[in-house]
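Start with the model itself.

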Amino acid sequence: MKILSDFDGVWTDQAGEARFINESFVQEVSRDLDLPEAVARAEFEGFLRAAHEAPDQHGWWPRGFLTAFVDEDELLATGAVCRYLDDGGDAPGAARWREGIREAGHPSAHDYGSEKFGPAMRTYLQDHGHRLVDGSRELCETLRLAGVELVIVSNSPTTKLQKLFAEAGVEEGDGLRFVGDARKWWVENEEPRSEYAGRRVHLDRPYYREILTREQPDLVIGDVASLDLAMPAAMRIEGTLGASTQLVLRQSPGSARWAVEQTSLEQGERLVDRCVPSVLDLAALATGA
Ligand SMILES: [Mg+2]
């Protein structure tokens, strides 16, 4: 059996990092705009709710294409809030935020948010470290003993994958390989797209398609359905991946409800076959234990 696994959000838990970044942003706004923190927080949450109500406009937008939806990844929240403000959103407080951000010398909320995001993330990782979830080493050993081939395919650089696995006591080789800089997010053209739960998901992802074609996994696992699972779902339908390829969502409390609910649809209509709360569930899935 061959497993093709995403890295961030599967082998790591990003909920704490996302909470910290969002809270840091609220505190920065509170300071820069001279707003009570509770007011800034309530207004931020209002903007985020509004962004969630318009998923086709909010999420991760590399190269001008929406490659993942805002409600699929908590780390997309600040970017979505900034885009909501720049698009002229009118939830309570929005006009005041736009004016305050401009008066603080920033041409846009996007520009302001980008300046805040990186330092907040670095502070969190410095204080909390960046490491694999507990039990990862044992899981790798179980898979290895069962003869399972594990390929980690991530948008992160290969060196980061090697470093974090090594720190957990796992070395590449003997059934384990890393494919970094995978560019799953890269969308080449507007079409083709496929509709899942009313969302139009981009499927022209040439870099990810090339990796999937080459690897021919039996199981694909990721934490962001549109980014990790839509391409293999489409390839399973067109026959460029095997009909028995399993699509697994690593579910967290922040997972999008529409993605989790995919599991109740027919195989040809869904992009998630099953959800698991932890990467550690791969042991049972792969070995049938
Ligand atoms: Mg991920």
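Helix α3 passes helix α5 in a right-handed crossing. A crossing is right-handed if the near helix is turned clockwise from the far one by less than a right angle, and left-handed if anticlockwise. Helices (H or I, at least four residues) and strands (E, at least two) are DSSP runs, numbered from the N terminus.

This is a predicted model: local features need pLDDT of at least 70, side-chain atom pairs count only at pLDDT 80 or more, and totals for chains, interfaces and linings use all residues. Residues are numbered from 1 along each chain as its sequence is written.

α3 spans residues 77-86 and α5 spans residues 109-128. They pack at an angle of about 160 degrees, with their axes 8 Å apart. Axes are lines fitted to C-alpha atoms, for helices over the stretch in contact, and angles run from 0 to 180 degrees between N-to-C directions. α3 and α5 are therefore roughly antiparallel, a term for angles over 145 degrees.

The table lists the residues in contact (C-beta atoms, placed from the backbone, within 7 Å).

| Helix | Contact residues |
|---|---|
| α3 | T78, G79, C82, R83, L85, D86 |
| α5 | A109, H110, Y112, G113, F117 |

The protein is divided into domain 1 (2-12 + 131-287) and domain 2 (15-128). These bounds come from an automatic or database domain assignment. The C-alpha centres of the two domains lie 28 Å apart. Their contact takes 14 residues from domain 1 and 14 residues from domain 2.

Technical notes. Angles under 35 degrees count as roughly parallel, over 145 as roughly antiparallel, 65 to 115 as roughly perpendicular and the rest as oblique. Two residues are in contact if their C-beta atoms, placed from the backbone, lie within 7 Å.
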